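Please read them with the structure open.

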Amino acid sequence: MIFKKSLLAAAISALVLTACGGSSSDSETPVVEETSFSFEATEMITNLTNDVIVAGYQNLNDGATDFLLATQNLVNTPTEENLALAQQAWKEVRVPWEQGESHIFGPVDALSIDPHLDTWPLNTSDLEALLASQASFSADELKTFNDDVQGFHTMEFLLFGDGVEDNEKSIDEMTTLESEYLSAAAEVFKTYTQSLLDAWIVANDPNDANSPAYKDLLLTTNNDIYASQLGVVEELINGMIGIVDEVGNGKIAEPFGSNIDNIDTSKVESQYSWNSLADFTDNIRGVQNVYRGEFSGQADKAGIIDFVNAADADLATRVDTEITDAIAAIEAIAGDNDLPFRQAINDADARVRIQAAIDALSTLQTSFENDVLTKLQDWQQ
Amino acid sequence: MINLSKLKKLSYLSKLSKFNYLYKLSNSDSSTKQRQVKLCHVVLVITSAMIISGCNSSSSNETSKETEQPQAAYTFVSLLGGEATAIDASDSGHGFSTPMPNLTAEELDKHLTGDTHFETAFTTAPNNEHPDLDGLGPVFNNQDCNSCHQRDGRPSTITLAEGESRVLLGSNAGIFLRMSIDDGECLVPSVENNYCKNVGVDGFGTQLFHRGVLKARDDWQENPFIGQANVYLSYEYSTVTYADGNTVTLKKPMFTIEKPYDVAPENSLNSAILQANVRYSPRNGMPIFGLGLLELISEADILALADENDTNNDGISGRPNWVFDPVKANNNDPIPVSLGRFGWKASTPSVRVQSLAALRGDMGITNPLFPEESVVNTPLHESYLARTGFVDTGTDEQGNTEATQQFSDEVVFYAETLAVPARRNINDESVIAGAQLFTQVNCTGCHQPDFITSTGELLVGGLAAPEVLKGQHIYPFTDMLLHDLGEGLADNRRDFTANGQEWKTRPLWGIGLTKTVNPAAGFLHDGRAADVEEAILWHGGEAEQSKNAYMALAEAERQSLIDFVMSL
């Protein structure tokens, strides 16, 4: 198959172009831009699939296991300490999920894992009515409930309270029924993170053992999902663009508003735990993982940066710097007084820092869209 | 959630110039196309192996026989949506999700805002923190557009675990049941026959809402989150055998309905929806790109393809569906009927009616075009309102609906202006051969390759049409007409003037990216076909001859034809 593709690559002169170039006259032959470049993508795709995407979902599943255990401990021994441990475990399992938002494609969509785990906003009306009307909750039952009364934000609300005045909840404020609901939700959550991981490494249709592991569809292209490696690289780059856009123009810009009199705290992402700045940072760290090919602190491996480098070394470095700058700008929003995002949007000084973060994300998005994505057209596979 | 972005606008403008460059090189306008066909020496090379790369075929050492015959005009067309074809997204799961590259900056703004609405999940009213996002249901099929049109494509087909005989339709399901009382055919809409509207089931209506908000039903404490009834899905299997002995297993979804709200559990067989005169039709979500272009195909061009009485004796008729048009009705048009264009049976006239009917129906979000809940005046709704204090009536004290006019316009515009993905692998020898076979077995008898969209002062859904949709040479591979596809696919439920065996010819553009966008997606109106081959094998009725001709092809030729369809 590689032979076939290279033959094709030699025969056709431009990505979108019609056939039979070899038989056309010089005046009809489209000019091959001199910016064309070669890059052998197999190592990069293998690494990003196994050591970034699948490894991230493994981390998510491990985090879900720890979180479930923490909620069970809380049910069995409802102490201040166990509540704090459960809150911390929620924040920790949030990290691989938010980082994984840089590659929302495949089973996370096909199996509706994303809405199961992360539906926003929470349906407070139904959740409160359930807590007021039922005597107990089980995971089996909760799994049949609508997505907007389970997943991250439901569990966040139960763990941290409504987030209006503070993000602290004491054990006295948590009813037995709430902790039971929380633990049942954590159990359901764990089944979904396991399904997600299994779909990538065992079978993409959980009900069909013969269906390929989703990772294999990326590793060996020329299948019904990806006709070629071009599709995989395009998927990865567009995935990064998607989350940079969402963080800059949605998650940050919408609550931020056009001015300080026009803010909307109801649109803050993790508004109960006040964890939003961590969410945003992890989103862009997820971009960094895909771009660089490794998690922070790991040894260098092949990532999208290597693909870009084959086309334009200066661009490869520039985009890497822009990612680092965007992460730093988001982290800087908290300022010296460690303001949560929910408060920062209502603070004149912090708003300057928020605008700087939006600008950094905009710069990054423009580079991805105008300079990186367009390299696909010059790539001679 | 993708959001409005000034930068996206800038990048779009830069893409536009690049696009213009690419477009000039492409062959999607007819004059260039003719040139390209000449360039290709009008040679079709059929090799025994079928896999050797093309273009240099004359120098190939492969044993081959060459047959000179004209190539189908669409063989090398890449930009299926003309200038409204996607850029840098047509090989990946983003292929259905990009704005048309020829939108103006202002239009792009509107499109991106509509994009956020498309992913908005609605919640139970009242939601004091998010009053703009409440009003869900009280009974519904899903909570947001995206759940049934995943990544703007088809939803996941529900599969059964080993040992499981059926599965309850819940939040994973992008499928639901339409229903109505059997009242025979309706051929000519008029005021006397209520414009051939389907007659709803007493207490239920014309769509079964299998999910609900927590307190949707009287018995919510025993049955939380259930809608009008529970719906279970199971499958019936059959096998098709080719002459060469190859077999394909087909599956057909079967539905059972339990716990209807209108009767006590012990009397469930007495429910109005379980009576013999009720007809059901399953409906799967479908891709939503390129729709504005389809709306701008002139009515005359579509009607010119109709052959209701098969005067040319080719076994294929093709007739239009004539449907009630709420936009015309609101404008006091004396004949509020239009050509049906959208939906599995072409039962809606415009993207506007299709989208806003889904907003009100599938999700239960009232809007200015459909200001009342679907279930208004039913016992379920009356009891729900009384139980919950009349706070979720569908309109507020000022008469405002749950979705505003602006929200409605933006989400409609989004669905009108999603780009069509470009083709892949157009130079592959097997794809080229398959393009000819597609005509040879007369798939084109219904899957009409191309149209040129209208120009001039035009309306889409009652509003001025965006310029970007006009005058485009498009290749949707549909004639926009109804065809009898036989008993195997029949739902036995009429829909306006479409009868129980008729379906609208599906557009085939972008179909090869279906599983790239959603690997669990299925094909046909109920998602029964796991792939294109299965979909072909389900064709019957007017398509029987073409199916038989396809089945009579050699295995390699069948693969070529599928390779061509997958390149679209």
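The points take chain A, then chain B.

1. The model is predicted. Chain A has an average pLDDT of 91, and 91% of the residues score at least 70. Where pLDDT is low, the predicted coordinates should not be read in detail.

2. Chain A contains 16 helices and 2 strands. Of its 381 residues, 54% count as buried. Among contacts in chain A with a separation of 6 or more, 72% link residues 24 or more positions apart.

3. On overall dimensions, the C-alpha trace of chain A spans about 80 × 55 × 35 Å along its principal axes.

4. Two domains are assigned in chain A: domain 1 covers 56–206 and domain 2 covers 229–380. Their C-alpha centres are 25 Å apart. To the contact between them, domain 1 of chain A brings 18 residues and domain 2 of chain A brings 21 residues.

5. Which helices supply at least two residues each to the side of domain 1 of chain A that touches domain 2 of chain A? They are helix H3 (80–100) and helix H8 (152–160) of chain A. H3(A) gives the most, with 6 residues. By residue class, this side of domain 1 of chain A comprises 5 nonpolar, 7 polar and 6 charged residues.

6. Chain B has 14 helices and 18 strands. Buried residues amount to 58% of its 568 residues. In chain B, residues 24 or more positions apart make up 71% of the contacts with a separation of 6 or more.

7. Strand S8 (residues 230–241) and strand S9 (residues 247–258) of chain B run antiparallel and are joined by 12 bridges. Within this pairing, Ser238(B) has Leu250(B) of S9(B) as its bridge partner. S8(B) and S9(B) form a hairpin with 5 residues between them, and Gly245(B) in the turn has a positive phi of about 95 degrees.

8. Chain B also has an open sheet of 3 strands in the order S6-S5-S10, with antiparallel pairing. Strand S6 (207–208) and strand S10 (278–284) of chain B are the edge strands, each pairing on one side only. Strand S5 (residues 175–181) of chain B pairs with S10(B) over 7 bridges, and Phe176(B) stands opposite Arg283(B) in S10(B).

9. Some backbone geometry in chain B deserves a look. Most residues other than glycine have a negative phi, and most peptide bonds are trans. The peptide bond from Ala125(B) to Pro126(B) is cis, with omega near -5 degrees, and a cis bond also joins Gly137(B) and Pro138(B), where omega is about 20 degrees. Pro126(B) is in the loop between helix H3 (105–118) and strand S3 (139–140) of chain B; Pro138(B) also lies in the loop between H3 and S3 of chain B.

10. Where are the non-glycine residues with positive phi listed here, Ala346(B) and Phe477(B)? Ala346(B), with phi near 50 degrees, lies in the loop between strand S12 (337–339) and helix H7 (351–361) of chain B. Phe477(B), with phi of about 60 degrees, sits in the loop between strand S16 (473–474) and strand S17 (482–484) of chain B. Ala346(B) counts as buried because 28 other C-beta atoms lie within 10 Å; Phe477(B) is buried too, with 24.

How values were computed. Residues numbered from 1 in each chain as written. Chains lettered and ligands numbered in written order. Predicted model: local features only at pLDDT ≥ 70, side-chain atom pairs only at ≥ 80, totals over all residues. Helix = DSSP H or I, 4+ residues; strand = E, 2+ residues; numbered from the N terminus. Buried ≥ 20, exposed ≤ 12 C-beta atoms within 10 Å, placed from the backbone. Contact = placed C-beta atoms within 7 Å. Domains from an automatic or database assignment. Nonpolar A, V, L, I, M, F, W, Y, C, P; charged D, E, K, R; others polar. pLDDT = per-residue confidence, 0-100. Pairing = 2+ DSSP bridges.
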